[in-house]
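Trainee: I have a new model to look at. How do I start reading it?

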Amino acid sequence: MTTVAVFADPPRPGLVLPNLVETTPISPEEAADLYGAMLADTCLAVEQSGGELLVNYRTEELLPNEYSGDPEAEIRSLLDGALDESPRMEEQVGSTHAARVGNTLTYLLETEEVASAAALSPTAPLCFRTHIDSAAMKLRNSPVVLGPATLGRIAFAGFTDPIDFEGAYDSPAVETLAWRAGDAGLETDFLPMLPVVETGSDLTTVVSLIRARRVAGRIVPPNTTEWIEGGGIRVESGELVSDR
């Protein structure tokens, strides 16, 4: 069984998806709602898979000073309405994203002695149960499995053995992680491309894919799809359009 850690922030306006707000007409409040929907969908994908879900959240101490409140309570309240069971939640530890991922996955592999551990982006709504299960199968033969996103980013990173995580998410993250795996003598396999949503062009891609999958009767991420359809979000002439 693979333990999959989803690295989550509380879905607060201004805190999450700042680049999306800067590159689209979407407001900070709408972006926070979208982030919450994508977080729910990624956690749901893990819950429905053969893996074990761990929600790794940034504590109030790790957030900018203007964002006070209880991150765990906010995220748990969101997920309790989206999942069948209340998820295991643990605090993130570390000064950078790479350090936080490294601390969590190394702890799972070395202290809890899980067979494999993975980090999943909360902004990868098109990561489905089948991707999680496929990664778990690949991890039986390859000690590192990466799910690349566009522009050299990473959506999923799974391991059976730790690597040197310091700076491992430096751009392009997928290449950096592959180099770190090679430095550790570990073979790397890959999942299909998994889009993440951070900018306007990312959202344009994901909106088009989700709407196309819905037309074709294929599985879609329910919460993100509801956010798209509720706001009449669509792509016209290569541009995002909203009825909000």
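Mentor: Start with one term: contact means heavy atoms within 4.5 Å. Helices (H or I, at least four residues) and strands (E, at least two) are DSSP runs, numbered from the N terminus. This is a predicted model, where local features need pLDDT of at least 70 and side-chain atom pairs count only at pLDDT 80 or more, while totals for chains, interfaces and linings use all residues. Residues are numbered from 1 along each chain as its sequence is written, and side-chain values use heavy atoms, without hydrogens or water.

Trainee: Which strands does helix 4 lie across?

Mentor: Helix 4, residues 97-110, lies across strand 1 (2-8), strand 2, strand 3, strand 4 (116-120) and strand 6. To strand 4 it runs at about 155°. Axes are lines fitted to C-alpha atoms, for helices over the stretch in contact, and angles run from 0 to 180 degrees between N-to-C directions.

Trainee: In what order do the seven strands form the sheet?

Mentor: The order is 3-2-1-4-6-5-7, in an open sheet with mixed pairing. Two strands pair if DSSP finds at least two bridges between them. Strand 3 and strand 7 (188-190) stand at the edges; each has a single partner strand, so one side of each lacks a neighbour in the sheet. On average, neighbouring strands here are turned by 25° against each other, direction ignored.

Trainee: Strand 2 and strand 3: parallel or antiparallel?

Mentor: Parallel. Strand 2 (residues 52-57) pairs with strand 3 (residues 88-91) over four bridges. Look at Val 55: its bridge partner in strand 3 is Met 89. Now turn to strand 5 (residues 144-148) and strand 6 (residues 154-159), which run antiparallel and are joined by five bridges. There, Gly 147 has Phe 156 of strand 6 as its bridge partner.

Trainee: How do I read two packed helices?

Mentor: Use the angle between their axes and the distance between the axes. Helix 2 (residues 28-48) and helix 3 (residues 71-80) pack at about 65°, with axes 10 Å apart. That makes helix 2 roughly perpendicular to helix 3. Under 35 degrees counts as roughly parallel, over 145 as roughly antiparallel, 65 to 115 as roughly perpendicular and the rest as oblique.

Trainee: Which residues make that contact?

Mentor: Helix 2 brings Gly 36, Leu 39, Ala 40 and Cys 43, and helix 3 brings Ile 75, Leu 78 and Leu 79. Six are nonpolar, one is polar and none is charged. Ala, Val, Leu, Ile, Met, Phe, Trp, Tyr, Cys and Pro count as nonpolar, Asp, Glu, Lys and Arg as charged, and the others, Gly among them, as polar.

Trainee: At what angle do helix 2 and helix 8 cross?

Mentor: Roughly 155°, and their axes come within 7 Å. That makes helix 2 roughly antiparallel to helix 8. Residues of helix 2 that meet helix 8 include Glu 30, Leu 34 and Asp 41; Pro 222 and Trp 227 are among those on the helix 8 side. The contact divides into seven nonpolar, two polar and three charged residues.

Trainee: And helix 7 with helix 8?

Mentor: The axes of helix 7 (residues 200-215) and helix 8 (residues 222-230) cross at roughly 100° and come within 11 Å. The two helices are therefore roughly perpendicular. Their contact includes Arg 211 and Arg 214 of helix 7 and Glu 229 of helix 8. It has five nonpolar, two polar and three charged residues.
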